[in-house]
Amino acid sequence: MEPTNLRLFNKKVKLNKKYLRTFLTKLEKNPPKKLDKSAVEIEKQVWQETECLSCANCCKKMTPTFSPADIKRIATHFKMTPVEFKDKWLVFDKKAKDWQNKKQPCQFLDMQTNMCSIYEIRPADCSGFPHLIKRNMINYIHVHKQNIEYCPATYKMVEKMQLFLRPSL
Ligand code: SF4
Ligand code: SF4
């Protein structure tokens, strides 16, 4: 498995994101019957080719959402109250109605190693990211449309779906 080259990834995104997003829109409008089953197989291939530790682009460029349970758990770890924790690191996004990081990269990312310094107690959103497959994929395609720009695993997933499913659209 090759380490992720983010410079190369950003170039590919610039060139192809419009095309791949158009494909995803077509998929939303006309989902093939085999979509959910194919996605499971394609996801396996993606993780055989993707190494997150050489990437960490999600932690550098995006923010997770912090649920009340996440905030309580992580604040307790730092011997802080949830209010102190939010004041120090989070901001409430009125549109999305959730708590997010004030800054990127994430304050809990170790920039030397690309590792999460609170891995065991990280937000649930981080442990599920990049949410490549869902039981009903079609309701989740809009998330891939957003993440394709930041996450090489999502990009690969959509690229492979495009190769595999385009003939049936
Ligand atoms: S909490 Fe950890 S996994 Fe989540 S964004 Fe921050 S560094 Fe990344
Ligand atoms: S989930 Fe995506 S953006 Fe995050 S480290 Fe893995 S490949 Fe990179």
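The model is a predicted one, in which local features need pLDDT of at least 70 and side-chain atom pairs count only at pLDDT 80 or more, while totals for chains, interfaces and linings use all residues. Residues are numbered from 1 along each chain as its sequence is written, and chains are lettered from A and ligands numbered from 1 in the order in which they are written.

I begin with the overall architecture. The C-alpha atoms occupy a box of roughly 55 × 30 × 25 Å along the principal axes. There are eight helices and five strands, where helices (H or I, at least four residues) and strands (E, at least two) are DSSP runs numbered from the N terminus. Their order along the sequence is α-α-α-β-α-α-β-β-β-β-α-α-α.

The protein has two domains, with bounds from an automatic or database domain assignment. Domain 1 comprises 6-58 + 130-168, and domain 2 comprises 65-128. Their C-alpha centres are 26 Å apart.

Of the 169 residues, 24% are buried, that is, with 20 or more other C-beta atoms within 10 Å of their own, the C-beta atoms being placed from the backbone. Of the contacts with a separation of 6 or more, 72% join residues 24 or more positions apart; a contact requires C-beta atoms, placed from the backbone, within 7 Å.

Next, the ligands. A residue is counted as near a ligand if its C-beta atom, placed from the backbone, lies within 6 Å of it. Around ligand 1 we find Cys59, Pro64, Cys106, Phe108, Leu109, Cys116, Ile118, Arg122, Pro123 and Cys126. By class, this shell has nine nonpolar, no polar and one charged residues. Here Ala, Val, Leu, Ile, Met, Phe, Trp, Tyr, Cys and Pro count as nonpolar, Asp, Glu, Lys and Arg as charged, and the others, Gly among them, as polar.

The residues around ligand 2 include Cys52, Cys55, Cys58 and Cys151. Helix H3 (57-61) and helix H8 (152-165) each give two or more residues to that shell. Its classes are ten nonpolar, two polar and no charged.

Finally, which angle do the axes of helices H4 and H5 make? The axes of H4 (residues 68-77) and H5 (residues 82-89) cross at roughly 95° and come within 8 Å, the axes being lines fitted to C-alpha atoms over the stretch in contact, with angles from 0 to 180 degrees between N-to-C directions. H4 is therefore roughly perpendicular to H5, a term covering 65 to 115 degrees. Ile71, Lys72, Ile74 and Ala75 of H4 meet Pro82, Glu84, Phe85 and Lys86 of H5. This contact has five nonpolar, no polar and three charged residues.

Note on methods: Parallel < 35°, antiparallel > 145°, perpendicular 65-115°, else oblique. Contact = placed C-beta atoms within 7 Å. Buried ≥ 20, exposed ≤ 12 C-beta atoms within 10 Å, placed from the backbone.
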